Amino acid sequence: MSTRVHPELHRDIARFGGDDITKCMNCGNCTAVCSLAGDGAVFPRKTIRYMQLGLKDKLLASPEPWLCYYCGECSDTCPRDANPAETMMAMRRWLTAEYDHSGRGRRLYTSEKAVVTTILKAAFIPLALLLALHAVTGFQRIVTDRVELNTFAPVMWVWAVVLLHFAFLGYHLMMNALHMIQHIMKPEDPEAKVPWAAYLLELKSLAIHFITQKRWRECGEEHDGQWLTHLLLVSGYVIMLVLVVGMLGWFQTDNIYPVYHPQRWLGYYATLVLIYASAAMLIGRFRKRTQVHRFSRPTDWLFPSFILVGAITGILVHAFRYAGWPWPTYGMYLIHVMAMVAMLDSEVGIGKWAHMIYRPLAIYLMNVKKRTQNQAVPEAGALPTN
Ligand code: SF4
Ligand code: SF4
């Protein structure tokens, strides 16, 4: 099978970060120090070589960039200061843009103007929908002598829009994940087939890595703090997703429940861990003390910033509601929803969501391939019985 060379590949990936890679002399020191490389995954040297040689198809078919958790060990020990860790990050951004056939990922990663326009457009949608709703039903229906949030933003309408939005975003994310699967699982030998049983039997590993991202811990004990912060963030985020997407009728209510009611403590837990984790991420990016925070791009700031804004505005809605202030409650609710819609529109498909899906998916696909190879070897090498 012929391999097409794309000489512009490393310049294209440099638009996504990691522009020191021409310094790399392929000594392999980075692969030797990486505690996650091995067992059939030779990175970062191999993927950097693909990039230098312009082997775009090979890079698109490589799960390796997703196996890197950006500990920075390889950059700290690179004799040429080629910064392989940031190059792996740039490759992940580039791959995310390549999997996204809408072209939106590339625009968001490479144009600050596109980021601002996307955020403003998305944030405008809830405002326009609320104005349209009240223009049709009459603004006088909004209760203003006490707080009745459901007269300002009727929960069943909000829930219907949330479900439609998530269906759209879910479809987008699923299509991108499908592109990734097609690239990685494309067989070099067209006759080779991966049995469906291998996909089914490895689903457990997909679920485990999706929930725990446990390979991160193999980077060493010094990275356990980052892993734990990430796990807390995921727990808070997932609780909020379940409450908003699956249980909004129960969660957005004008009833004031006692403090031990699950509606309150689930909300408090999720809000607190989201504030803690997003603040830790933002402080890390400001300080730039660790490798993972040293080379932030504008898109890297979006997720923790939106999470922090979402959590703080959520608390304020809660506080204003308890204080009995109708307009501050309604205004803050609108800001909260606008921020969350903007976050989802700019993050799904390119940001944290993409990373959360692509990483476990890459590990899963590697496991599927290994399982298929392990089963194929004895068969191919079996002695004839007669
Ligand atoms: S990135 Fe650095 S350590 Fe890795 S192969 Fe290139 S020169 Fe060697
Ligand atoms: S950043 Fe860490 S995990 Fe990633 S390639 Fe370098 S050493 Fe390996």
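Which residues in α8 meet which residues in α18? The answer is given in point 4, after the overall fold and the ligand shells.

1. Basis of the note. This is a predicted model, in which local features need pLDDT of at least 70 and side-chain atom pairs count only at pLDDT 80 or more, while totals for chains, interfaces and linings use all residues. Residues are numbered from 1 along each chain as its sequence is written, and chains are lettered from A and ligands numbered from 1 in the order in which they are written.

2. Overall fold. The protein chain has 19 helices and zero strands, where helices (H or I, at least four residues) and strands (E, at least two) are DSSP runs numbered from the N terminus. Its C-alpha trace spans about 85 × 55 × 40 Å along the principal axes. Of the 386 residues, 34% count as buried; a residue is buried if 20 or more other C-beta atoms lie within 10 Å of its own, exposed if 12 or fewer, and partly exposed in between, with C-beta atoms placed from the backbone. Among contacts between residues at least 6 apart in sequence, 75% join residues at least 24 apart, two residues being in contact if their C-beta atoms, placed from the backbone, lie within 7 Å.

3. The two ligand shells. Around ligand 1 there are 14 residues, the closest being C24, C27, N29, C30 and C78; a residue is near a molecule if its C-beta atom, placed from the backbone, lies within 6 Å of it. Helices α2 (29-33) and α3 (45-53) each supply at least two residues of this shell, which by class has nine nonpolar, three polar and two charged residues. Here Ala, Val, Leu, Ile, Met, Phe, Trp, Tyr, Cys and Pro count as nonpolar, Asp, Glu, Lys and Arg as charged, and the others, Gly among them, as polar. Ligand 2 has 16 residues around it, of which C34, C68, C71, C74 and A85 come nearest. At least two residues of that shell come from each of α5 (73-77) and α6 (84-99), and the largest share, three residues, is from α6. The shell around ligand 2 divides into 14 nonpolar residues, one polar and one charged.

4. Helices α8 and α18. The axes of α8 (residues 112-137) and α18 (residues 326-347) come within 8 Å and cross at roughly 135°, where axes are lines fitted to C-alpha atoms, for helices over the stretch in contact, and angles run from 0 to 180 degrees between N-to-C directions. That makes α8 oblique to α18, since angles under 35 degrees count as roughly parallel, over 145 as roughly antiparallel, 65 to 115 as roughly perpendicular and the rest as oblique. The crossing is right-handed; a crossing is left-handed if the near helix is turned anticlockwise from the far one by less than a right angle, and right-handed if clockwise. From α8, the residues V115, T118, I119, A122, A123, I125, P126, L127 and L130 meet L334, V337, M338, V341, A342, D345 and S346 in α18. By class, this contact has 13 nonpolar, two polar and one charged residues.

5. Helices α15 and α17. Helix α15 (residues 262-287) packs with α17 (residues 298-323) at an angle of about 145°, their axes 9 Å apart, and the crossing is left-handed. On the α15 side T271, L274, I275, S278, A279, M281, L282 and R285 take part, meeting D300, W301, P304, S305, I307, L308, A311, G314 and I315 in α17. The residues of this contact divide into eleven nonpolar, four polar and two charged.

6. Backbone details to inspect. A cis peptide bond, with omega of about 5°, joins F43 and P44, and P44 has its place in the loop between α2 and α3. N26, in the loop between α1 (9-14) and α2, has a positive phi near 60° although it is a residue other than glycine; N26 is partly exposed, with 14 other C-beta atoms within 10 Å. Q213, which is not a glycine, has a positive phi of about 45° and lies in the loop between α12 (203-212) and α13 (224-246). With 19 C-beta neighbours inside 10 Å, Q213 counts as partly exposed.

7. Residue T144. The loop between α8 and α9 (149-152) holds T144, which counts as partly exposed with 13 C-beta neighbours inside 10 Å. Leaving aside neighbours within four places in sequence, T144 is in contact with P326 and W327. T144 and T271 are 127 residues apart in sequence and 27 Å apart in space, C-alpha to C-alpha.
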